[in-house]
Amino acid sequence: MSRPDRTEFRSLTGMRDVLWPESARRRALVDVFAAVVEAAGYREVRPPLLEDLGVFLRVGETTDVVTKEMYDFEDKDGSRVALRPELTAGVVRAFVQHSPPVPWKVWYEGANFRHERPQKGRYRSFEQVGVEVLGVDDPDLDVEVIALAWRFYEAIGLRSVRLLLNTLGEHDDRARYTEAVRDHLEAHRGDLSDQALATLARNPLRVLDSKRPQDRAVVESAPVIADVLSAPAAEHFARVREGLEVLGVPYTEAPRLVRGLDYYRRTTFEFAAESLDAAQNAVGGGGRYDGLAEDLGGPPTDGIGLALGVDRILLACDAEGVFGAPEAVLDVYVVDLVGGAAARDLTHELRAAGFSADRRFGGGSMKSQMKSADRSGARWAVLVGDDEVAAGEVTLRDLRGGADQRRVPRDRLTAELAGSQPSETQPSEPEVEPT
RNA sequence: GUGGCCGUAGCUCAGCCCGGUUAGAGCGCCAGGUUGUGGCCCUGGAGGUCGGGGGUUCAAGUCCCCUCGGUCACCCCA
């Protein structure tokens, strides 16, 4: 745009390039999540990014996510499709389509898309990790899912996360509750903000989420779900709370907690990072969605899931100084002063032997190549000049700490490296250190 | 969709209020100091249509208008 005579492309609004080392940090985060949930029997599912628009319409026809933030468009055959704004709907659609044995315990990671104005911690393309379980009606499962998220936050080092817990009751409870809230809000129309009135018209429960000071008094005097909760729903909720207490997962009851999507029933929860500003402190959430599979054309099936926002979790990590980006790590950097063939051959041999190895292309002075070696994060530099070639040797230099170096026969190089520092020769787990 | 703030070197920014010769700094990058040795230090160098367009003026990075982009917030949400 800034050069009319030359086309210069930029990433689209709200879309970002994730460059190293941030990319490595994200991968490390997903690895931690995968380790936590796979240890509990969850297996990865990878639904497509694009679905029939109807899949998403079913999950929230009165929500902003669906009504105004969806990337939907007409496909080449005229059908209406959309980029997924979240993953639960696609996962449940996959469940209905494939009828896997229940319980179906899956986890996922990936990008979602919402067409909204970007700001800190919210982008048009954003990543989530999450789990879903279909086919189990047992409060202990709710406890398991919540406890896994809790364990994950602990594993990456976050300490300021608070669990907010609520129940929306059974289907009929929710309907009754919605009416009770609607009646209450209608009775106080005059005290509500214009935005709250607009929300009231299409989804009364969502007004409870209003953070506007003007609405606070009306919201706080609104009926709570406990007033209309049926006995089975109350029992379910009691057992969830009991389970969390036994497992030592602290929670705060949040009777006004109403989550963004329409499909939630019974248990709902949200994780708030208190190290972040309120505008983006929700770092995860989820709940039960018994009935969603049926809405998508499948058999009546209980379901529960959670989704955690990767971008916001990393913001919280920044705020708390944990889970920093990893340092560059490399076993060997080859410095070649004899034309490049030695670097070509040695890096190839070293990699085949299981070492990570890099080099400089295009030559350069020894000094500049050593600078590159330093920046690469390499443990060792292997130097090859005329002297070494003549002697059939290479120079092995320690780049950490001192400047020890020694000549070794070229055909003994991998053996020398293996003996010198075994721990450096293993493909290790991501090295993630606090910044 | 609405509002605030900001666009000057690869990055972070100064200069703009009070228009005036070749637009600066730090970091990064390249090279040299050390004709085969990184990190620290010193010296030098490359790198900028001052987001774009229009206007005012003898003169615009600086003033005015428009526009594009970024960012933060509202709405809503992860």
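Predicted model: local features only at pLDDT ≥ 70, side-chain atom pairs only at ≥ 80, totals over all residues.
**The whole chain**

Begin by showing chain A as a cartoon, where the secondary structure comes to 17 helices and 16 strands. The radius of gyration of chain A is 28 Å, well over the 22 Å that the globule rule gives for 435 residues, so the chain is more spread out than a compact globule. If you turn the model along its principal axes, the C-alpha trace of chain A spans about 95 × 60 × 45 Å. Buried residues make up 49% of the 435 residues in chain A. When contacts between residues at least 6 apart in sequence are considered, 69% of them join residues at least 24 apart.

Now select RNA strand B and the 51 residues around it, of which Arg114, Arg122, Arg206, Asp387 and Leu399 come nearest. Of the atoms of RNA strand B that come within 4 Å of the protein, sugar and phosphate account for 53%. Colouring this surface by residue class shows 25 charged, 15 polar and eleven nonpolar residues.

At Gln119, an N or O atom of the side chain is 3.0 Å from a phosphate oxygen of the RNA. At Arg312, by contrast, a polar side-chain atom lies 2.8 Å from a base oxygen of RNA strand B. At Arg397, an N or O atom in the side chain is likewise 2.8 Å from a base oxygen of RNA strand B.

**Asp311**

Is Asp311 buried or exposed? Asp311 has a relative accessible area of 8%, and because buried means under 20%, this residue counts as buried. Leaving aside neighbours within four places in sequence, Asp311 is in contact with Arg16, Arg26, Tyr123, Phe126 and Glu127. If you also select Arg206, you will find that Asp311 and Arg206 are 105 residues apart in sequence and 24 Å apart in space, C-alpha to C-alpha.

**His236**

Select His236 in helix 10 (residues 231-247), a residue that is buried, with a relative accessible area of 6%. The side chains of His236 and Asp142 are joined by a polar contact of 2.8 Å. Not counting residues up to four places away in sequence, His236 touches Asp137, Asp138, Pro139, Asp142, Arg266, Thr267 and Arg288.

**Glu270**

Finish at Glu270, which is found in strand 9 (residues 265-273) and is buried, with a relative accessible area of 16%. When neighbours within four places in sequence are left aside, Glu270 is in contact with Arg162, Leu163, Leu164, Leu257, Arg259, Ala282, Gly284 and Gly285.

Key: Residues numbered from 1 in each chain as written. Chains lettered and ligands numbered in written order. Heavy atoms only, no water. Near = heavy atom within 4 Å. Polar contact = N/O pair within 3.5 Å; in protein donor to acceptor, adjacent residues only side chain to side chain. Nonpolar A, V, L, I, M, F, W, Y, C, P; charged D, E, K, R; others polar. Helix = DSSP H or I, 4+ residues; strand = E, 2+ residues; numbered from the N terminus. Rg over C-alpha atoms; globule rule 2.2 N^0.38 Å. Buried < 20%, exposed > 50% of the residue type's maximum accessible area, 1.4 Å probe, protein only. Contact = heavy atoms within 4.5 Å.
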